[in-house]
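In this notebook I record what I looked up in one structure, entry by entry.

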Amino acid sequence: MSKAGRLVVLVSGSGTNLQALLDASADPSYGARVVAVGADRDGIEGLARATKANVPTFVEKLSDHATRADWDAALAAEIASYEPDLVVSAGFMKILGAPTLDAFPVLNTHPALLPSFPGAHGVRDALAHGVKVTGCTVMLADAGVDTGPIVAQEAVPVLPEDDEPVLHERIKTVERRLLVDIVGRMAREGWTVSGRIVRIGNQSGGEST
Ligand code: GRF
């Protein structure tokens, strides 16, 4: 059974999911705390949020490396230096490579009900498809694009007048609460993975893989 006290959070943008984790972890009974925040670009609000919370930050830009493999290795080394129990990809707009995925459990959050609408435009694609219900998914990352074992999902209605920003904001309100809840429960209770089935807590029937 894995536990998740030390979190490294990866961001690429506004970092409101990160902020929700920072706020939750101010209470020691939450069971997890953000020990570092990493990004693939400078000057984003997510990094400013970390600095304001006195959490160390690091930036690994793809353009600073000769190859994607070099970037993957450098990112994994940065993450490893903070000895995380769990890496949370919270709006990090890059696919993580084997050096990170093989070394740490990685939790990812996505603004759609997977396996529908994976990828960078989950909200836009759901709207364009005309679905009446969408939502958010918290999953363990694997080498694919939003294909890892699902940990939790929650539905969000699509309203007739929605555009992408309005719908995304409605989803993010739910997403932040779900992510905070799941990370806290994983930290406090541990989790197991058996094939695609993730179980949080000390339940029978699962084996860590
Ligand atoms: C979230 O909806 C996340 O699922 C998606 O991008 C958004 C990030 O929001 N990939 P924030 O940076 O946490 O505010």
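Entry 1. The model I am reading is a predicted one. I looked up N54 and found a relative accessible area of 71%, so N54 is exposed. N54 sits in the loop between α2 (45-52) and β3. I then noted its backbone: N54 has a positive phi of about 60°, although it is not a glycine. I recorded this because most residues other than glycine have a negative phi.

I found another such case at E83, where phi is near 45°, a positive value in a residue other than glycine. E83 belongs to the loop between α3 and β4. Its relative accessibility is 58%, so I list E83 as exposed.

**Entry 2. A cis peptide bond.** Which residues does a cis peptide bond join? I found that the bond links L114 and P115, with omega at about 10°. I placed P115 in the loop between β5 (106-110) and α5 (122-129). For comparison, I keep in mind that most peptide bonds are trans.

**Entry 3. Aromatic pairs.** How many aromatic pairs does the structure hold? I counted two. A pair of aromatic rings is described by the distance of the centres and the angle of the planes.

I looked up F58 and Y82, which form a stacked pair with 5.8 Å centre to centre and 15° between the planes. F58 lies in strand β3 (residues 57-59) and Y82 in the loop between α3 (68-80) and β4 (86-89), so this pair ties together parts that are 24 residues apart in sequence. F58 has 5% relative accessibility and therefore counts as buried.

I next looked up W71 and F92, an aromatic pair that is also stacked, with 6.4 Å centre to centre and 10° between the planes. This pair links distant parts of the chain: W71 is in helix α3 and F92 in the loop between β4 and α4 (98-101), 21 residues apart. Is W71 buried or exposed? At 0% relative accessibility, W71 counts as buried. F92 has 7% relative accessibility and counts as buried too.

**Entry 4. Helix α6.** I checked the length of helix α6 (residues 164-189). Its 26 residues, at 1.5 Å a residue, should span 38 Å, and the end C-alpha atoms are 36 Å apart, which agrees. At the start of α6, I noted a side-chain oxygen of D163 within 3.0 Å of the backbone nitrogen of V166. Just after α6, I found G190 with a positive phi of about 75°.

**Entry 5. Packing of α1 and α6.** Two packed helices are described by the angle between their axes and the distance between the axes. For helix α1 (residues 16-24) and α6, I recorded an angle of about 40° and axes 9 Å apart. Angles under 35 degrees would count as roughly parallel, so with its value α1 is oblique to α6. I also noted that α1 passes α6 in a right-handed crossing.

**Entry 6. V145.** Where is V145 found? I located V145 in the loop between β6 (133-140) and β7 (150-157). Its relative accessibility is 43%, so V145 counts as partly exposed. I also looked up its separation from A120: V145 and A120 are 25 residues apart in sequence, and their C-alpha atoms are 9.0 Å apart in space.

Note on methods. Residues are numbered from 1 along each chain as its sequence is written. This is a predicted model: local features need pLDDT of at least 70, side-chain atom pairs count only at pLDDT 80 or more; totals for chains, interfaces and linings use all residues. Side-chain values use heavy atoms; hydrogens and water are left out. Rings of Phe, Tyr and Trp (its six-membered ring) pair if their centres lie within 6.5 Å; planes under 30 degrees apart count as stacked, over 60 as edge-to-face and the rest as tilted. Helices (H or I, at least four residues) and strands (E, at least two) are DSSP runs, numbered from the N terminus. Buried means under 20% relative accessible area, exposed over 50%, partly exposed in between (1.4 Å probe, protein chains only). The expected span of a helix is 1.5 Å times one less than its number of residues. A polar contact is a pair of N or O atoms within 3.5 Å; within protein, one must be able to donate a hydrogen and the other to accept it, and residues adjacent in sequence count only if both atoms are side-chain atoms. Axes are lines fitted to C-alpha atoms, for helices over the stretch in contact, and angles run from 0 to 180 degrees between N-to-C directions. Angles under 35 degrees count as roughly parallel, over 145 as roughly antiparallel, 65 to 115 as roughly perpendicular and the rest as oblique. A crossing is left-handed if the near helix is turned anticlockwise from the far one by less than a right angle, and right-handed if clockwise.
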